[in-house]
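Please open the model in a viewer and keep the sequence panel beside it. The stops below can be selected one after another.

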Amino acid sequence: MPDKTAEQRRLAQETKDERQVWYFLAYFLFGIHVIAFVMIYAVRHAR
């Protein structure tokens, strides 16, 4: 039978991993928007 500390450690690691996934997703979406705005700017100001 697993002890409580191992379970808590697993849960803490899982929470940390999940947080990293959300940070990655946030940065990814933010980056896509920055690129999109730069492209829109470039297209509108092209001569």
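Select Glu 7 and Arg 10 to begin: both lie in helix α1, three residues apart, about one turn of the helix. Helices here are DSSP runs of H or I with at least four residues, strands are runs of E with at least two, and both are numbered from the N terminus. The model is predicted, so local features need pLDDT of at least 70 and side-chain atom pairs count only at pLDDT 80 or more, while totals for chains, interfaces and linings use all residues. Residues are numbered from 1 along each chain as its sequence is written, and side-chain values use heavy atoms, with hydrogens and water left out.

Display the side chains of this pair. Glu 7 forms a salt bridge with Arg 10, and the closest N and O atoms are 2.9 Å apart; the term denotes a side-chain nitrogen of Lys or Arg within 4 Å of a carboxyl oxygen of Asp or Glu.

Glu 14 and Arg 10 both lie in helix α1, four residues apart, and they form a salt bridge whose closest N and O atoms are 2.6 Å apart. Arg 10 is partly exposed, at 40% relative accessible area, and Glu 14 is partly exposed at 41% (buried means under 20%, exposed over 50%, partly exposed in between, with a 1.4 Å probe and protein chains only).

Move on to Phe 24 and Phe 28, which both lie in helix α1 (residues 4-44), four residues apart. How are the two rings of Phe 24 and Phe 28 arranged? They form a stacked aromatic pair, 6.2 Å centre to centre with 15° between the planes. Rings of Phe, Tyr and Trp (its six-membered ring) pair if their centres lie within 6.5 Å; planes under 30 degrees apart count as stacked, over 60 as edge-to-face and the rest as tilted. Phe 24 is exposed at 59% relative accessible area, whereas Phe 28 is partly exposed at 45%.

Finally, show the whole chain. The protein chain has one helix and zero strands, and its C-alpha trace spans about 70 × 10 × 5 Å along its principal axes. Buried residues make up 0% of its 47 residues.
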